[in-house]
Amino acid sequence: MNTNNPSQHRQHIAQRYHQIATEHFPPQIEISFIAEDGQRQLLLYEKVGWKSSQGMSGIRYGDNPSQPAALYRLINGNVEIAGVTQIAAQRGLVTAADLLQSGKHPGKTNLIDIDVALQILRYLAQRPTAVIIKHNNPCAVASTSSIAEAVERAQQADPIAAFGGSYVLNRAIGADTAKIIAAHYCEVVAAPSFSRQAIDILRQRANLRIFQIHNIEKLAEYIPQRYLDWRALMDGGLCLQWSYSSALLEREHFSIAQAKHQGKMVHSQYNATPAQLEELLFGWHVVEALTSNAIVLVKNGCTVGIGCGSLDRVGAVRIACRRAYGALQERLAQEHHTSSYAELSPQEQRAINSQVAQRRGDLSSAVMVSDAFFPFPDGVRLALEEGIAAIAEPGGAIRDWEIIACCNQHQIPLLFSGQRAFRH
């Protein structure tokens, strides 16, 4: 191939995305933990594959087509370290899923997307909930009285980011829900079950991957379960940690913010309403799954703005607010012109921008959750300017008293989670 020819180069890249990489990984792997006294603890894994036109095939590729990859399920063994025990074998979720339609065979990103969604859904089993994941981060989450409404609200929460995302639901998908999903381009749909009509509707999207996750109805049982989280280093080394476990399972687990300043205790002077506490708890379980620094804005059981992967916390707040404004632009463009915002005339865009600014992105009365403390009040001030009505964050900053004073000045409740939720 002549790599100096741009058109040939683009064609070569496109072809690689449609190939299923030849697997060179072994059918089983064994990991041994050897104590100082020589005693061993073993974990045994077997490679996962699904039927395709080419026989049994595993992961399409890793993060990119040039990276061969494999998926393994735990089939035997156990490990106990520092009093924490590895989740038992045969408790598979993603690794035990049925692939009802592969279209293009799934890649690593598709599978991690589902796993990240399940990490959120384990805390939200009580209500029908839809999670849309994009590049291993949730871009929208909604909990409502029906799964069809949850999908629709999640889609509207950030229609731009949802494009090409993974839709993961904690309730069975029927025809009505399938029609809502099929009206948009997505890469993956995962749910505990699908009606026959739903499968027929979704299969009209030829390249859609459809996963049936059998244990979604038992996700609450996975809350206390821990697993070894592996990170490989460039020199071939490994960095291990036990998986994150949330300490906030009830709204009562939040505490009223307080901090000492100049020998005196400074307290939050305003109490969150029961509805705000529910929204903050919902937001906490979403922010736990985001790449740090992370901020989640929630309103009426749905994320309305998400900022993640930011290099600073005020930047994460700014991103979350900007996404809320952008989502409202898209909703108004569809409502008034049945078109995307980008396709409108400059005059039409100005009219919508005026409405969005007047409504402040519909952020009034929303709540904000942060995965770590605010080192300075700048991010809090920015949120309060947009109409945020309650805030939850871990607390523990030197300037906590200043954050509390800022919220008191604006008559806004501030709650501490007492737990940081970094995810890197």
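This is a predicted model: local features need pLDDT of at least 70, side-chain atom pairs count only at pLDDT 80 or more; totals for chains, interfaces and linings use all residues.
Strand S17, residues 258–261, runs antiparallel to strand S18, residues 264–267, and they're paired over 4 bridges. Together S17 and S18 make a hairpin, with 2 residues sitting between them. In that turn, look at Gln262: its phi is positive, about 55 degrees.

Now, the inside. Which residues touch the most other members of the largest nonpolar core? Out of 53 residues, they're Ile114, Leu118, Phe211, Ile213, Phe254 and Leu280. Several elements give two or more residues to this core, including helix H2 (108–121), helix H7 (274–287) and strand S9 (129–134). Strands S12 (186–191), S19 (295–299), S21 (367–370) and S22 (390–393) do that too.

Let's zoom in on Ile114. If we skip residues up to four places away in sequence, Ile114 touches Val94, Val168, Val188, Ala190, Phe211 and Ile213.

Last stop, the surface. Trp230, Leu238 and Leu240 make a nonpolar patch of about 260 Å². Leu240 sits in strand S15, which covers residues 238–242. So is Leu240 buried, partly exposed or exposed? Its relative accessibility is 36%, so Leu240 counts as partly exposed.

That's my tour, thanks!

How values were computed. Residues are numbered from 1 along each chain as its sequence is written. Side-chain values use heavy atoms; hydrogens and water are left out. A nonpolar core is a set of buried Ala, Val, Leu, Ile, Met, Phe, Trp, Tyr and Cys residues joined through side-chain atoms within 4.5 Å. Buried means under 20% relative accessible area, exposed over 50%, partly exposed in between (1.4 Å probe, protein chains only). Contact means heavy atoms within 4.5 Å. Patches are made of residues with over 30% relative accessible area and no salt bridge: like charges are joined within 9 Å, nonpolar side chains (Val, Leu, Ile, Met, Phe, Trp, Tyr) within 5 Å. Accessible areas come from the Shrake-Rupley method with a 1.4 Å probe; for residues, only the protein chains shown count as cover. A salt bridge is a side-chain nitrogen of Lys or Arg within 4 Å of a carboxyl oxygen of Asp or Glu. Two strands pair if DSSP finds at least two bridges between them.
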